[in-house]
Amino acid sequence: MLVTGAASGLGAALVAAFRSRGDEVLATDRVDVSSVEGGIDLVLDITSDDDWATAVDTVRERWGGLDVLVNNAGVAGGGRVDRCTLEEWQWITDINLFGLVRGTKAFVPMLKEQRAGHLVNVASLAGLVHPGGMGSYNAVKAAVVAFTETCGHELASYGIRASVVCPSYFRTNLMDSMQGSDEAVGRVVSGLVERSQVTADDIAAAVLAGMDAGEDVIVPDEAARQAYFLKWADRPAYDAVMRDQAAKLDAGAEA
């Protein structure tokens, strides 16, 4: 297995969970740090085609093939539509969308060749439900959901599965990567992360269970499942909640 963004947060939790059950994992991150048990195995900047080519070569040399590619690395961002700059849109898109597209394109030839494999792309509940103030983040995570479903259909005849992971807020250091000129949104999201009782280990355990169960869309925590169900079951109520939250965001920013 290869996991990106493995130095901390959900990536580190996934590496630990995989290894605890005996899986062999290549832990990668853009910086070589020792916060993962056993350290980072390979420096991999997901925005670099050269780094992805090196990862493919490393996997071939180490194992001769790959069972699971976990595209986990990502950053936090957002902002109301009139506050989020195009530069911020480009930054988050290049990392959160094109990063995993690069990784998928790099490894799909190997997976096709071996006629087996599993793509696991970490999106967010924001890929399924779309709160105000998070347009760029919502858009790229929704694109990850769509891209993963597309890969699942396109690659099924080669024995390759594709799953997307859509958690709600959980305790992680993702907010360390937060960028954006809309400070009000940053404060709200930081508060939601800090107040969450769900840990990265909780999410990792649910991800492994979803993978083992063959789920295409893994919604790993109760808050995420409730929000997604509300959108599906009662769209007017869902819209009312989302619009109320957006209004409170504006009110809080103006206070």
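**Labels and cut-offs**

Reply: A search of the whole structure finds 9 salt bridges. This is a predicted model, where local features need pLDDT of at least 70, side-chain atom pairs count only at pLDDT 80 or more, and totals for chains, interfaces and linings use all residues. Residues are numbered from 1 along each chain as its sequence is written, and side-chain values use heavy atoms, with hydrogens and water left out.

Me: What makes the contact of arginine 21 and aspartate 23 a salt bridge?

Reply: The rule asks for a side-chain nitrogen of Lys or Arg within 4 Å of a carboxyl oxygen of Asp or Glu. Arginine 21 and aspartate 23 have N and O at 2.8 Å, so the pair qualifies.

Me: Why is arginine 21 called partly exposed?

Reply: Buried means under 20% relative accessible area, exposed means over 50%, and partly exposed lies in between (1.4 Å probe, protein chains only). Arginine 21 has 38%, so it is partly exposed. Aspartate 23, at 22%, also counts as partly exposed.

Me: How do you know that arginine 60 and glutamate 113 form a salt bridge?

Reply: Their closest N and O atoms are 3.4 Å apart. Helices here are DSSP runs of H or I with at least four residues, strands are runs of E with at least two, and both are numbered from the N terminus.

Me: Is glutamate 113 buried or exposed, and why?

Reply: Glutamate 113 has 57% relative accessibility, so it counts as exposed. Arginine 60 has 35%, so it is partly exposed.

Me: Why are lysine 248 and aspartate 244 said to be separated by about one helical turn?

Reply: Because they are 4 residues apart in helix α9 (residues 235-254). Lysine 248 is exposed at 55%. Aspartate 244 is partly exposed at 39%. Elsewhere, salt bridges that share partners join Arg21, Asp23 and Asp212 into one network.

Me: Why is α3 called roughly parallel to α4?

Reply: The axes of helix α3 (residues 86-96) and α4 come within 3 Å and cross at roughly 25 degrees. Angles under 35 degrees count as roughly parallel, over 145 as roughly antiparallel, 65 to 115 as roughly perpendicular and the rest as oblique, so α3 is roughly parallel to α4. Axes are lines fitted to C-alpha atoms, for helices over the stretch in contact, with angles from 0 to 180 degrees between N-to-C directions. The contact (heavy atoms within 4.5 Å) involves Thr93, Asp94, Ile95 and Asn96 of α3, and Phe98, Gly99, Leu100 and Arg102 of α4.

Me: Which residues of α3 are buried, and what do they pack against?

Reply: Glu88, Ile92, Thr93, Ile95 and Asn96 are the buried ones. They pack against α4 and α5 (135-155).

Me: What makes histidine 118 buried?

Reply: Its relative accessible area is 6%, under the 20% limit, so histidine 118 is buried. Histidine 118 is found in strand β5 (residues 117-122). Leaving aside neighbours within four places in sequence, its contacts include Asp67, Arg161 and Met211.

Me: How many disulfides are there, and by what rule?

Reply: A disulfide is a pair of cysteine sulfur atoms within 2.5 Å. By this rule the count is 0. Cysteine 151 is buried at 8%, and cysteine 166 is buried at 0%.
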